[in-house]
Amino acid sequence: MLKADPQALAKLLHGRRIAMVSGTNGKTTTTHLLAASVGAALVDRGWGGPERIVHNADGANLHGGIASALSKKPGADIAILETDERVVADVVRLGRPEVLVLLNFSRDQLDRHHEIKALARAWRNALISAGDEGPIVVANADEPLVVWAAKEAKQTVWVDTASTWLQDAVLCPQCGGTLLRIEGEFGKTWRCRDCELAEPTADYRVLGDKISTPDGSLHDPRLQLPGKFNISNAACALAAAGVLGIDPDVAIAGMQTVTSPAGRFGTAHFGSTTARLLLAKNPAGWAEALPLVATDTVILAIDSAAADGRDVSWLWDVEYEQLAGRRVIATGPRAQDLAVRLAYAGVDHVCLPDLGQAVVGHTEPVDIVATYTPFQRLRKMGGLA
């Protein structure tokens, strides 16, 4: 379609109310949470329902995936779009979104994305170019690169997501100085030692397992999704829903219906084996996923296809040491690279590169943590596609 008509994406975006979500981790889940919030609000107000919403729910977030999703529901007037970091500038320019959610930045697919500051600069320049016609930005106040980019928006709603991953935020994106971490009222905040860039005051805030809103109210999302990071995703979705005029209680009621966004945290079956699927694509993602592992046997699936990133040196930045004492199976095309890392971590493991062989024959439930390409294969193999 895009080859036949290079203007197809612009035409498909035209005339819709658009909310975009981007960032290294959490895009798919956050768009599902936001889409569910919008759907709940439409029903609550008697303005229709999900038929009015188009959403690239399976996570196809490049130009082709977005165009494909939009083309399937030409009559839907609201678009909730997961957007790859490198596509944000184009969709802002072509679609004039109402709200843009910027979640986080960390090393990911280094062969394609290269330096993450270059991505942040592209976001920043897109917002400068959009000016007063640009989106209201919902931005993660914990992330220096996100803050640097989002400062150029016409209006910004700041969310304190209580992030714990700090390894990709050491130097100031504005001046190159050292970032300092300072104890504050709500935990550690950051500021640059050498310039004025600092963590902004949050409008929404993650406080334990609850979310505070600008009016001071405290909301318990009670999600069906595990992990503290999903509370952070929900906080960003709640802020975006607020920009769209949705009541927090209605938005949260919608979020509570989300169970397995694009297969994440879903239960798959491989013969007699029952397995929960967890997606982890980079060190920050693995840092969130590994603490969720609850089974004695754990399967780790690694590949280096284009969607995973060709470079797997990031394996050495993941703390696999925490899996010591469990039965670990390394699988996937790069299983041997993972096996070397596990050996250095002192984790007993078996290396079975064939996915099918690795997942069958388990009498007890297992958790599987996988990078993108094996995750998609496992979804299909296990009946979650």
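V38 is in contact (heavy atoms within 4.5 Å) with I53, I78, I80, L244 and I246, leaving aside residues up to four places away in sequence. The model is predicted: local features need pLDDT of at least 70, side-chain atom pairs count only at pLDDT 80 or more, and totals for chains, interfaces and linings use all residues. Residues are numbered from 1 along each chain as its sequence is written, and side-chain values use heavy atoms, without hydrogens and water.

V38 belongs to the largest nonpolar core, which has 66 residues; V38, L34, W286, L300 and Y320 touch the most other members. A nonpolar core is a set of buried Ala, Val, Leu, Ile, Met, Phe, Trp, Tyr and Cys residues joined through side-chain atoms within 4.5 Å, where buried means under 20% relative accessible area (1.4 Å probe, protein chains only). Helix α8 (residues 228–243) supplies the largest share of this core, ten residues. Helices (H or I, at least four residues) and strands (E, at least two) are DSSP runs, numbered from the N terminus.

Six strands form an open sheet with mixed pairing, in the order β12-β13-β17-β14-β15-β16; two strands pair if DSSP finds at least two bridges between them. β12 (267–270) and β16 (349–351) each have a single partner strand, so one side of each lacks a neighbour in the sheet.

Two helices pack on this sheet, with angles from 0 to 180 degrees between N-to-C directions of axes fitted to C-alpha atoms, for helices over the stretch in contact.

| Helix | Strands touched | Angle |
|---|---|---|
| α11 (residues 335–345) | β14, β15, β16 | about 160° with β16 |
| α13 (residues 372–381) | β12, β13, β14, β17 | about 145° with β13 |

Key. Buried < 20%, exposed > 50% of the residue type's maximum accessible area, 1.4 Å probe, protein only.
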